[in-house]
Amino acid sequence: MSKSHMSDYPVAREKVLVVDDQLINRELLQSMLVKIGFDVILASNGQEAVDLFSQHLPALVLMDIAMPHMDGIEATRLIKEAAGEIFVPVIMISGLDGDDVIRRSIEMGGDDFIHRPFSYEVLRVKIKAIQRISDLYREVQRLYMLRQHEEDIAEDIFSNAIEKDNITFDQIKLHKRAAATFSGDVQITAIRPNGDINILLGDFTGHGLTSVVGALPLAETFRAMTRKGYEAEQVIAQINRKLHGLLPTGLFLAASMVTMSGNGRCTIWNGGMPDILILSADGEVRQRIESGDPPLGIIPNMPDMNFTFTQLEPDDKILLVSDGVLEARNNDGEYFGEQRLLWAAKLGCREDDLLGRIMRAVDTFLKGHEQDDDISLIEIPGRIKMIAPALAEPGVNQALVQEEQSAGWTWSICLQGNNLRRVNPVAIALSQLQEVEGPGEHWHDIFTILTELFVNALDHGVLNLPSSLKSSAGGFTEYFAQREASLEQLESSCYVSIHLTSVKAAGQSNLLKITVQDSGSGFDHAWWLARITERADDETGLAGRGIMLVEALCQSLIYSGGGSTVTAEYSWGDGLMALN
């Protein structure tokens, strides 16, 4: 074994440690090894061998088994322990017969066995064979270190490009513990233009470097569509299309998503994840949302997705978990399971430490056994204090741009029949506005106006749904059920159109005129406006809140065509448009 051949190995490869209590055996082995090309270190017992190994770090050890003070089997165990992750082969030598000697030698770390007496050629061939194993081991170690380095880079990318941009607030609690350097679980939060919060928990098949392939486009699509105001169904459908075209066969994303409003209304979707639990203040399961759709990326399209619309009580909590929690296994091979999760969740709710209590229960159950899969938990409270959406784009110059001359533009869209069910014109309109006008805090108000006017036109104008269902929180579930049923039966002649007109003049405010028209028969808008005025201080009624909110935000709100057409005017600024 030449020094040049072993130059990339971290120990002194030209040295061989010979351990034997018989002087004649040591001298015989020394002469053979010198002939092969090694420097030889001699030890007369096991303890001396352990001491000399730590001092010289040889590349190979020839170990006699039967010796006084410490036999070769115990010495081999201690040498392997001292070597750690460095592979130092040990060839056991003995004149004893029997399979038990060989078995014990291999179990204690021996890598090969030579029965005495043996010839020079047998020893040379044995060393050559063990050298090939050493070379292979070093190559495996090199590849492992390379993969580890790549996973470290992937983790940095994941943390900086994916989860670093999460909306962080004390109310929504996130916890994640990876099974490897890089986690296949993804936790993403983002704010819609109306202030609603989108929360997604995803679990890619397996864990490790391959997960980042899907995590980057997932986060980009989720945040971009949330920022533009798309509904949860459209966000999920687009993520599915992108992952289906990108991910290789066998790699997919199980995911759950919650859209949370400040008043406790939420939309929940589950595709291949463990049940989503809505817990009461005392930790009882008030509602359970099972997986109703396949994971994302398996099929090209996701038709007729299953959503749950519910109203939370102020003290409720939504609990999202990945299967790494339920499938955590202890040393006996037993799973943590749902019953232990429910028990820990009940205690956690009562102690106001939901995630902490669950993780302590998992760790107690594991009893030091390493986790098999990534563990993720998200806790969402029944009420979230809304915050203004951050619509500023990174890297935009924080300056004010003066409009030098009068300018204006118009834009319109008309959706008919089935397109009313599958297309969200509000997100498209807001994207157009931001593209032309640039970012700004006023888009929060405009998104609210567009949403309320379109939803009123579709729900009450085209679908003719009764507003009375929204007079109580419990009626919203029935309202959404009727809405979905009516959307399935839309005729091609039904339509809703949105027309935008923007006018800007130097030294004057910016004016946006929004006109929404539907194919419905209209409604008694005068009666509704009067009734809203009378009930302005009533906090219990839910119906009509949309019109009242739009009227408060707009400069003017005018109904025509018997209520089937509405025009709102909204102005902002004083001739200056903020680019932040």
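Let's start with how the chain folds back on itself: of the contacts with a separation of 6 or more, 69% join residues 24 or more positions apart. Keep in mind as you look around that this is a predicted model. The secondary structure comes to 16 helices and 22 strands, and 47% of the chain's 580 residues are buried.

Now for the interior. In soluble globular proteins, nonpolar side chains tend to be buried together. Here the largest nonpolar core has 41 residues, and the members that touch the most others are L420, L433, L450, L453 and L500. Helix α13, residues 443–462, supplies the largest share of this core, with 10 residues.

Next, have a look at a pair of helices. α9 (residues 337–351) and α10 (residues 354–366) have axes that come within 7 Å and cross at roughly 140°. Angles over 145 degrees would count as roughly antiparallel, so at this angle α9 is oblique to α10. The crossing is right-handed. On the α9 side, the contact is made by R340, L341, W343, A344, A345, L347, G348, C349 and E351, while α10 brings L354, R357, I358, R360, A361 and F365.

Technical notes:
Residues numbered from 1 in each chain as written. Predicted model: local features only at pLDDT ≥ 70, side-chain atom pairs only at ≥ 80, totals over all residues. Heavy atoms only, no water. Axes fitted to C-alpha atoms, helices over the stretch in contact; angles between N-to-C directions. Helix = DSSP H or I, 4+ residues; strand = E, 2+ residues; numbered from the N terminus. Parallel < 35°, antiparallel > 145°, perpendicular 65-115°, else oblique. Left-handed = near helix turned anticlockwise from the far one by under 90°. Contact = heavy atoms within 4.5 Å. Core = buried A, V, L, I, M, F, W, Y, C linked by side-chain atoms within 4.5 Å. Buried < 20%, exposed > 50% of the residue type's maximum accessible area, 1.4 Å probe, protein only.
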